[in-house]
Amino acid sequence: MTKRKTIIAGNWKMFKTRKEATELASAVAAGCKGEKDLPEVVLIPPFTSIESALNAIKDSPVSVGAQNMDWRDNGAFTGEVSPVMLTELGVKYVLIGHSERRQFFGETNQTVNQRLKAALAHKLIPIVCVGETLDERESGLTDSVVRRQVGAALAEIPPEALEIIVVAYEPVWAIGTGKVCEADEANRVLGQIRATIADLYKEGGNSGLADQVPLLYGGSVKPSNIEEQMAKPEIDGALVGGASLKAEEFLPLIKAGQKRVQGTAKDSLSKV
Ligand code: PEP
């Protein structure tokens, strides 16, 4: 099996002023200092705090991402931020299609696809977010919703891009609710996502590239539940909201990612 990157990403949402971002990013960078076998650690502040976070993580292995971006390079689009602006700052990652963007800001599968194309064109690493609502889960639609979101996001995306793209499965009902998706179920849905990607690229013989795509779980991840998630074969990391806002909660998540990199993550259930 291809060895995939392990990623621990913290989505700060609309939290952290510049001063607070400097403090948090500095604490995360200090916690990573001198550590071996770290996962890829990504801090995702609001736009106004990106530069502060970037300054604070200089000379550390930590990276910075953005929470969203427009797909156009510039233009009369009041309130938007472009990929050109993000790359100029030194941003490495960008979240695309987070459920809060889909729920509150009109993000659609089509605009997710446009943003994904733009991210790739500008050499930003896209973390594409997918996931079902509670209603959809309760109606037995989880797999079809997630398959549709992945298919639409990847429309017209060339196979070689699968070496760059990251996908996060974030069930909407688990985000910020304290209700974590059981590790076995998250692993199952991520397996479906990988199978969907393989299927989309089978013409042309590129199904195997699906094995290279890091798949993350997101939704109420915290120090007390991450170990079980990290032990699952399809879960290559975590996209974390609430627990990324305090260094003392985020650093243990990085530690859990490190154990996965070292191959020592243990599935507590399999030990019974
Ligand atoms: C998120 O914002 O992507 C997220 C998963 O939030 P939380 O960890 O707070 O559920």
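**Entry 1: strand pairing**

I count two strands as paired if DSSP finds at least two bridges between them. With that settled, I opened the model, which is a predicted one, and went to strand 6, residues 166–169.

I looked up Ala168 and found that its bridge partner in strand 7 is Leu216. The path between these two strands was my next stop: from strand 6 the chain passes through helix 8 (residues 183–200) to reach strand 7, and this β-α-β crossover is right-handed. Strand 7 covers residues 215–218, and its pairing with strand 6 is parallel, over three bridges.

Then I turned to strand 5, residues 125–130. Strand 5 also runs parallel to strand 6, and four bridges join the two. Here Ala168 turns up again, standing opposite Cys129.

Which way do the residues of strand 6 point? I noted Val166 and Ala168 on one side and Val167 and Tyr169 on the other, and all of them are buried.

**Entry 2: the cavity**

I wrote down its lining: Val128, Val130, Val150, Ala153, Leu154, Ile165 and Val167. Strand 5 and helix 7 (142–153) each give at least two residues to this lining. Sorted by class, the cavity lining has seven nonpolar residues, no polar ones and no charged ones. Val167 was already in my notes as a buried residue of strand 6.

I moved on to the open spaces. The largest pocket has about 440 Å³ of space. I found 19 residues lining this pocket, and Met14, Gln67, Asn68, Arg101 and Phe105 are the closest to its centre. Which helix gives the most to the lining? That is helix 4 (residues 99–104), with three residues. By class I listed eight nonpolar, six polar and five charged residues for the largest pocket.

The second largest pocket comes to about 260 Å³. Its lining has 18 residues, and those closest to the centre are Gly176, Ser220, Gly241, Gly242 and Ala243. I put this lining down as five nonpolar, nine polar and four charged residues.

**Entry 3: two positive phi values**

Lys13 is not a glycine, yet its phi is positive, at about 50°. I placed Lys13 in the loop between strand 1 (7–11) and helix 1 (18–32). Is Lys13 buried or exposed? Lys13 has a relative accessibility of 17%, so I count it as buried, the cut-off being under 20%.

Glu156 is another residue other than glycine with a positive phi, near 65°. I found Glu156 in the loop between helix 7 and strand 6. Glu156 counts as exposed because its relative accessibility is 69% and the cut-off is over 50%.

**Entry 4: Ser52**

My last stop was Ser52, in helix 2 (residues 50–56). What does Ser52 touch, if I leave aside its neighbours within four places in sequence? I noted contacts with Arg18, Ala21 and Thr22. The relative accessible area of Ser52 is 7%, so Ser52 goes down as buried.

Conventions:
Residues numbered from 1 in each chain as written. Predicted model: local features only at pLDDT ≥ 70, side-chain atom pairs only at ≥ 80, totals over all residues. Heavy atoms only, no water. 1 Å grid on protein atoms, 1.4 Å probe; cavity = no way out; pocket = protein on both sides within 12 Å on 5 of 7 lines; lining within 4 Å. Points joined across faces, edges and corners; volume = space filled by probe spheres on them. Nonpolar A, V, L, I, M, F, W, Y, C, P; charged D, E, K, R; others polar. Buried < 20%, exposed > 50% of the residue type's maximum accessible area, 1.4 Å probe, protein only. Contact = heavy atoms within 4.5 Å. Right-handed = clockwise from strand over helix to strand, strands pointing away.
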